[in-house]
Amino acid sequence: MKTNDVILQTTTNLVFFIIILFSIHIFFAGHYAPGGGFVGGLLTASGIVLLLLAYDIKTVTTALPINYTVMTAIGLLIALGTAAGSIIFDVPFFTHAFDYFDLPLLGKQSLHTAMLFDTGVYLVVVGVTMTIIQSIGDDD
Amino acid sequence: MTNLLLFPILLPFFFAMILMLFPKKILAQRILALFALGSTLIASVTLLIKVKTDGIQAITLGSWPAPFGISMVSDMLSILLVLSSTVIAIFVVWYSFSSIGKERESFFYYPGILFMLTGVNGAFTTGDIFNMFVFFEVLLMSSYLLIVLGGEKVQLRESIKYILVNIISSALFVVTVAYLYSVVGTLNMADISVKITQIDQPGIITVIAVLFLLVFGLKGAIFPLFFWLPSSYAAPPIPVLALFGALLTKVGVYAIMRTYTLFFTLDQSFTHELLMILSILTIVAGCIGALAYFDVKKIIIYNIIIAVGVILFGASQMNEAALMGSVFYLIHDILIKGALFMLIGVIIAITGTSDLRKMGGLIKSYPMLGWTYLIAAFGLAGIPPLSGFVGKLLIIQGGFEAENLWGSIFILASSLVVLLSVMRIFIYAFWGEPIEITPLSKRHYRGLFTPALILVGISVLYGVGSEWLVPYMSDAANVMLNPSQYIQAVLGGA
């Protein structure tokens, strides 16, 4: 039995992008304001969960063909790789580096390797959350 | 290389991630898992040599000054444990090839083992009490996976108990660290050791010491807190059981030894007395269990509990002989428990049952297995040229030196019970009337038996060459007796 949920789906199409934008904002704000990889990842995952609620699992996996286990592993690799970069420079593990750069449009910004580590965290959080929800949802 | 001491943690971690990318390609999983463990072994041996020549290695992550960042410290005790856990992991993985089955192998079995080794090695190496909690969680999470993987009914039931107990003890760990932090205001273990002597609040520190004993006692299965262990460990398949039996309780034992020699040295007449009494009760409880069962798994599992008691008795004596004996016995026990679990795994595979009363006469068809088991059993009980002897001798010597006559006599008596319990397996399974068995294929049998045989060989070498190992063990005991070395290595000249 399928009810007509055109209102839910239309709202979702709109709100999904707002959630994703907000999660990216939260993710980049992490260094100077509350936020970071963990909350950002959870927000992104909640956006995808909203899609799952409005549509079904099959539609969402066709729209976003992502293997979330691989995503988790890649996130872990990015996080470890960032921390292990210090091995090449022979300084203690997890030593971060940063500098200021003049970026087009954004102007002078500081770029910090902690950002890369946070990217790893972000991917792991999205990957793990979606793995849990999908594998529970898939079970019939 | 400033980062050398992190390699035994990072290598299994890195390869576990790589293995997550292609869970269904079993051959690649096996080869890479062995390669990962081999490289970890090389890194640990290099580190062992480095620690032996240059003394304690310490590093504070992120180039922060010592008490503010997370310190990782590798002294003789921790590197010896890291080395022996890596050795065990190699043999368990090898043994798994012919025993664990394709279904499990294609569902993240090898990544699970590598993540667990990451946690174990990390817990042995860390110099920060909260970081130790995190590494405990890393190894526990992986052990949750390994205990439930396969989804048999008994595994599901026991994993619920196992997870429940460990979550409660982890919560207690956090609470205890919170208490300690509110008293001393630091989490770095070397710094805690300094602050505890400065703040002069023996009462609350003793309470925290007992709480830590409760926490690590739940992980390491000491007397009133071992109730979860026997049935939980009997649930998973044999290689997982060998890994758990050899490593998991030892992490708890290591944590007790570390905290009780580094932090809580002020009120020894209470804390170490308590530890001693509990360890003797642990031995008694373990002995009763080891004699009570006709199930081979249960007999060896209760022997884990006896060994935990023996090691902690040594640790509670706080003199050089007993501490050195504890380190000797700790490593012996890691090796021999791994070997024994693998051997009874072979026996169970041959007879198709773990009930002793349904076995018999195996010595006729599998003589080599029988004699190997006999040597392993003698090693466990501590018959002189074999591996269990020196450790127990030193522990008892330390016990007499500290004038704990009765405790030492209990340890001696427990050796007899240990011998009796493992000889019962030998007598029931290998002697007597042969029973109907469906013989294993040659290849399958060899795949199971060879790793166990080599591990027994290593433990024999460990016993015969103990003279040669003494400098390493006495280094390890020295750091525990003189925490100032440890503190100096972490905090510098302070």
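Guide: Start with a definition. A residue counts as buried when its relative accessible area is under 20%, as exposed when that area is over 50%, and as partly exposed in between. Keep those cut-offs at hand. Remember too that this is a predicted model.

Now the setting. Chain B has 21 helices and two strands. Its radius of gyration is 21 Å, close to the 23 Å that the globule rule gives for 494 residues, so chain B is as compact as a globular protein of that length. Its C-alpha atoms fill a box of roughly 70 × 55 × 45 Å along the principal axes. Of the 494 residues in chain B, 63% are buried. Take the contacts in chain B with a separation of 6 or more: 80% of them come from residues 24 or more positions apart.

Next, the salt bridges. Side chains of opposite charge can pair when their charged atoms come close. Over all chains, the structure holds 11 salt bridges.

One of them joins Glu152(B) to Arg104(B), with the closest N and O atoms 3.1 Å apart. Glu152(B) lies in the loop between α6 (129–148) and α7 (153–184) of chain B, while Arg104(B) lies in helix α4 (residues 102–105), so the pair ties together parts that are 48 residues apart in sequence. Now apply the cut-offs. Arg104(B) has a relative accessible area of 14%, so Arg104(B) is buried. Glu152(B) has a relative accessible area of 40%, so Glu152(B) is partly exposed.

A second pair is Lys250(B) and Asp333(B). Their closest N and O atoms are 3.1 Å apart, and they form a salt bridge. Lys250(B) lies in helix α11 (residues 238–262) of chain B and Asp333(B) in helix α14 (residues 320–351), so this bridge ties together parts that are 83 residues apart in sequence. Lys250(B) and Asp333(B) are both buried.

Now look at Glu158(B) and Arg157(B). Their side chains meet in a salt bridge, at 3.3 Å from N to O. Glu158(B) has 3% relative accessibility, so Glu158(B) counts as buried. Arg157(B) is at 47%, so Arg157(B) counts as partly exposed. Lys161(B) joins in as well: Arg157(B), Glu158(B) and Lys161(B) are linked in a network of salt bridges.

For another buried residue, turn to Thr282(B). Thr282(B) lies in helix α12 (residues 268–292) of chain B. Its relative accessibility is 0%, so Thr282(B) counts as buried. Leave aside its neighbours within four places in sequence. Thr282(B) is then in contact with Ala221(B), Ile222(B), Phe223(B), Ile305(B) and Gly309(B).

Finally, look at where chain B meets chain A. The count of salt bridges between chain A and chain B is zero. Five residue pairs are in polar contact across this interface. On the side of chain A that touches chain B, 11 residues are nonpolar, four are polar and one is charged. In residue terms, 16 residues of chain A are in contact with 19 residues of chain B. The area buried between the two chains is about 1500 Å², and carbon and sulfur atoms give 78% of that area. In chain A, Leu77(A), Leu80(A) and Phe93(A) lose the most area to chain B, together 33% of what that side buries.

How values were computed:
Residues numbered from 1 in each chain as written. Chains lettered and ligands numbered in written order. Heavy atoms only, no water. Contact = heavy atoms within 4.5 Å. Buried area = accessible area lost by both parts, 1.4 Å probe. Salt bridge = Lys/Arg side-chain N within 4 Å of Asp/Glu carboxyl O. Polar contact = N/O pair within 3.5 Å; in protein donor to acceptor, adjacent residues only side chain to side chain. Nonpolar A, V, L, I, M, F, W, Y, C, P; charged D, E, K, R; others polar. Helix = DSSP H or I, 4+ residues; strand = E, 2+ residues; numbered from the N terminus. Buried < 20%, exposed > 50% of the residue type's maximum accessible area, 1.4 Å probe, protein only. Rg over C-alpha atoms; globule rule 2.2 N^0.38 Å.
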